[in-house]
Structure formats: structure tokens, C-alpha cells
Amino acid sequence: MKIYKTFPAFPELHRHYKSYEDLAEVINRSKSYVNNRLNGRGAFSDREKRMIVSDMGLDPNDPEVIGEIFGNVPEVA
């Protein structure tokens, strides 16, 4: 398994997922899609955020939990 660059804007995701591929499997997306989201070129959808939070064993219906994990990361143009 190849380990990819860390995603500093999302420290909780970095602690839980070892690669873009691991995270991509959870939301059924490509590594490229995940890479773009983690690097600020787009945002995860609300559904994807809930899927990720649920996979991490947290409550996907708690907005505070989602805010803790995803915070306010600005998108890059």
C-alpha cells in the first residue's frame, strides 16, 4: 500500500486514514477526487461527510462532530 502525502487541513482524517485510497473507498470516489477535496479544490458533500464520520465511528448526525472533523477549510480556485 502506498502512503500518500498527509492532509494537514484535516488532522482527524489523517489520523484515521492512512491514504487517499482508504478514504476514497469509504465514499466510493477516486483517489484524485479525494486528493482534490483534501487540498482545497472542492469540498466533500454533506452526504460524503456523514459517510466519513460514520466510518470513523462517530455520530454522523451531530453537526458539532462534522464541524470538528471538517472545520472551515477555504476552497482554492
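Okay, some ground rules. This is a predicted model, so local features need pLDDT of at least 70 and side-chain atom pairs pLDDT 80 or more, while totals for chains, interfaces and linings use all residues. Residues count from 1 along each chain as its sequence is written, and side-chain values use heavy atoms, with hydrogens and water left out.

Let's start with the helices, which are DSSP runs of H or I, at least four residues, numbered from the N terminus. Helix H2 (residues 20-27) packs on helix H4 (residues 46-55) at about 110°, with the axes 9 Å apart; axes are lines fitted to C-alpha atoms over the stretch in contact, and angles between N-to-C directions run from 0 to 180 degrees. That makes H2 roughly perpendicular to H4 (65 to 115 degrees). So who touches whom? Leu 23, Val 26 and Ile 27 from H2 meet Glu 48, Met 51, Ile 52 and Asp 55 from H4, where contact means heavy atoms within 4.5 Å.

Now, salt bridges: a side-chain nitrogen of Lys or Arg within 4 Å of a carboxyl oxygen of Asp or Glu. The count is two. Glu 12 and Arg 15 pair up at 3.3 Å, N to O, and they sit three residues apart in helix H1 (residues 11-16), about one helical turn.

The other bridge joins Arg 29 and Glu 48, closest N and O atoms 3.0 Å apart. This pair links distant parts of the chain, 19 residues apart: Arg 29 is in the loop between H2 and helix H3 (31-38), Glu 48 in H4. Is Glu 48 buried or exposed? Buried, at 3% relative accessible area, and buried means under 20%, with exposed over 50% and partly exposed in between, using a 1.4 Å probe and protein chains only. Arg 29 is partly exposed at 41%.

Terms used:
Helices (H or I, at least four residues) and strands (E, at least two) are DSSP runs, numbered from the N terminus. Angles under 35 degrees count as roughly parallel, over 145 as roughly antiparallel, 65 to 115 as roughly perpendicular and the rest as oblique.
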